[in-house]
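Keep the viewer open as you read.

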Amino acid sequence: MKKTLMRSLGWAVLCIHLIWQLGGAESSRPGSRRIMQSGARLLAESPAIEESCPLDFTQLSNYPWVVQTCEDERPDEVTNSTACCNALLSAMGLAESQWLKDTGIFRLATTDIVQSCLGELQSTLEALGLDYDAVGMCFPEQLWPRFLTNNSLCLGIETASDFESTVGDANISSLSRGCAGDLTDLLACSGCISEMMMVYNNLNAQSSATTNSSQLDNETLATNVTVGQASSVDGRYVSDCFYDMILYTAAIATTSGPWSPSSAQCILAVSLTKAGGGKSLSVTELVLIGLSTAFVSSLMGCLSFLVWRRKKKQEPHRDFISRNEKMLKSARPNTGLIKYNYKDIKAATGNFSQKNLVGSGGFGSVYRGTMEDGLEVAVKRIHNCTPDGDADFLNELEIINRVRHRNLVVLLGCCVTSTPEDGHQRLLVCDFMPNGSLDQFLFEPQDETLLSWSNRRKIAVGMAKGLCYLHNDTVPSIIHRDIKPSNILLDENLNAKIADFGLARLNEAMGGQCPTTGRGSGTPGYLAPEYALYGQLTEKSDVYSFGVVLLELLTGRRALDPSQETTPNYAITEWVASMVGAGKVLEVVDERIRTVGPKEKMQTYVLIGAMCTNNLVTLRPTFKEILKYLEGELPLPTMWYRPMPGHRFSSHDWPDNESINSHAHSASDPDLDSLNELIR
């Protein structure tokens, strides 16, 4: 009675585990496997064993249950799903396990050897009293690949070392510990089966990345496992990993070996008593078995429903992860880019606590985090995780991953995940800037955070260097499209770092000008007129945005001043243009630093800002020129005037530049007709 119940329990647990695997989570395949030992391969393929069977069935006489099970069925009743075929598969498993233990090889080398071994098995059964060809009925030729060496089976596992490297040392150690004792004990057998399920869970999760085995129905999978029927899915057989796990456990994980009664009964489901032999079961025992069977059936039905429901809930999350993983693989490779674990990022940011929120924009929110090793990071949590946002996310990742400059934020890594609790997540992890953004320094000032003139000058030069790198030192060049104070981060020494490449574009079109894109994307107040109105994007669009930020840096005023909304001074560019036109350049500078810095240098920087925000694209300088102007290596041109659309130039549009710029060089006035033609 005890042995019968133990055997029933073993198969029931294995079947329940298989149903559970149908809803299992996906995992990535191992990157590579060890090359099969040359000696083992030569042994498996050598001519000496090519025509003879290396399997030994002589000990099958110790298990009369196999023959008796087939004798209890008429030949015309035998199919590959009957008890006889299950018993023969267990018999083959005993011999294959011993072969694996002796040679380290899972399967046979050629179809001739497979045919020879099946013939040996039939001969052994006939010698033990079986009077019909049960082997031929249970294992027709189309099922022979189940026993044949083929690297397309079960993750390409061919040897014991392949199996161990695929499963991992920790799982192998647990399996060996769980199956090392006397498995005739019910509790010991149950523990061993639990460890086997853990190993199979690992194998199935790895194979799910390349197969659709989890989509097979329960009946098909159960048939494959119990009979070894090869159901091909993407060129692999879904039952093979299960069968390999059983063979390895019986051959290597146990201390007694596969032919021992304890291993044969617990792992390979071989009965230790002759079928139909022994005393008859009592009514009480039959009732207990019936109740156990009903309970297991009900439990399997409930688990099937729960797994189906779980699988349906997991589908959108698996689809999101799969779509994003493929997208990340297409990104430009970088060996230093880290793929972060979501749990680690969640812990680092205090579950994205509000107290760690350092900024938020149209494309994402940025959180401060401290990793387990003490590294402080900035985590950008992307808002749009729908398929519509795929292009923007991939674009930002590719661009920030390809640039390396001291005035650009460094990307450390990324993370993509999806769970029912947290939903879809796309995260970028960058260096943390302890001084926050320029926006905070300018418009949320404390007395101790007032930027001095020297710091403002350093920030201006740093911004220009970063943008000059994007425009001139990357191939193709990169247009940022969203230069504004909140995207200028400051490190511990107040060095400027340009961040947020969500809108950045590669400038690949001929002539350095991107196609017309409709209305421009970006932040009002910082968009160049031709881009905001007509979607005409060029590198000079970044020049305009830089000019606006430079004027904010110098004046301490926002690009758009709500208090001046009804006046011409609403936009900082118009206000500065009017002040410069009136010869009041120095009055533009923030009054808190106006008297403590070099006046001539301050005036020069104001004029550079006015030049960069010129409405005429052709009259804006390049960043190479801007850097030379900022560092005093090149004198400013005479023409500084900022025309409005439709304006007609006349000679009085050029005031005396000597009164506002002592560094201005002499030059003839530009051709007025040409300038008016440019405006038109």
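## Charges over rings

In this predicted model, arginine 381 lies over the face of phenylalanine 352, at 3.9 Å from the ring centre. A second case of this kind involves arginine 557, whose charged end sits over the ring of tryptophan 575, 4.2 Å from its centre.

Arginine 381 also has a place in strand pairing: its bridge partner in β8 is leucine 427. The strands concerned, β6 (residues 376-382) and β8 (residues 423-431), pair in the antiparallel sense over 5 bridges.

## The sheet around β6

Let's zoom out to the sheet. Its 6 strands are arranged in the order β3-β7-β8-β6-β5-β4, and the sheet is open with mixed pairing. At the edges are β3 (338-339) and β4 (357-360), each pairing on one side only. Helix α15 (residues 390-402) lies across β6, β7 (411-419) and β8, running at about 20° to β8.

Two hairpins follow one another here. Serine 360 stands opposite serine 365 in β5. The β5 and β6 hairpin has 5 residues between its strands, and glycine 374 in the turn has a positive phi of about 95°. These two strands are antiparallel as well, with 7 bridges, and arginine 368 has alanine 378 in β6 as its bridge partner.

## Lysine 380

Is lysine 380 buried or exposed? At 8% relative accessibility, lysine 380 counts as buried, because the cut-off is under 20%. Lysine 380 is found in strand β6, and an unreviewed UniProt entry places the feature "binding site" there.

## Aromatic pairs

The count comes to 9 aromatic pairs. Among them, phenylalanine 106 and phenylalanine 163 form a tilted pair, 5.9 Å centre to centre with 40° between the planes. Phenylalanine 106 is in the loop between α4 (83-103) and α5 (111-127), while phenylalanine 163 is in helix α7 (residues 160-167), 57 residues apart. Phenylalanine 106 is buried at 1% relative accessible area, and phenylalanine 163 is buried at 0%.

The rings of tyrosine 200 and phenylalanine 242 have centres 5.5 Å apart and planes at 85°, so this pair is edge-to-face. Tyrosine 200 belongs to helix α9 (residues 186-207) and phenylalanine 242 to helix α11 (residues 240-253); both residues are buried.

Terms used. Residues numbered from 1 in each chain as written. Predicted model: local features only at pLDDT ≥ 70, side-chain atom pairs only at ≥ 80, totals over all residues. Heavy atoms only, no water. Pairing = 2+ DSSP bridges. Helix = DSSP H or I, 4+ residues; strand = E, 2+ residues; numbered from the N terminus. Contact = heavy atoms within 4.5 Å. Axes fitted to C-alpha atoms, helices over the stretch in contact; angles between N-to-C directions. UniProt positions renumbered as here; feature names shortened; annotations may be inferred. Buried < 20%, exposed > 50% of the residue type's maximum accessible area, 1.4 Å probe, protein only. Phe/Tyr/Trp six-rings, centres within 6.5 Å; stacked < 30°, edge-to-face > 60°. Lys NZ or Arg CZ within 6 Å of the ring centre and 35° of its normal.
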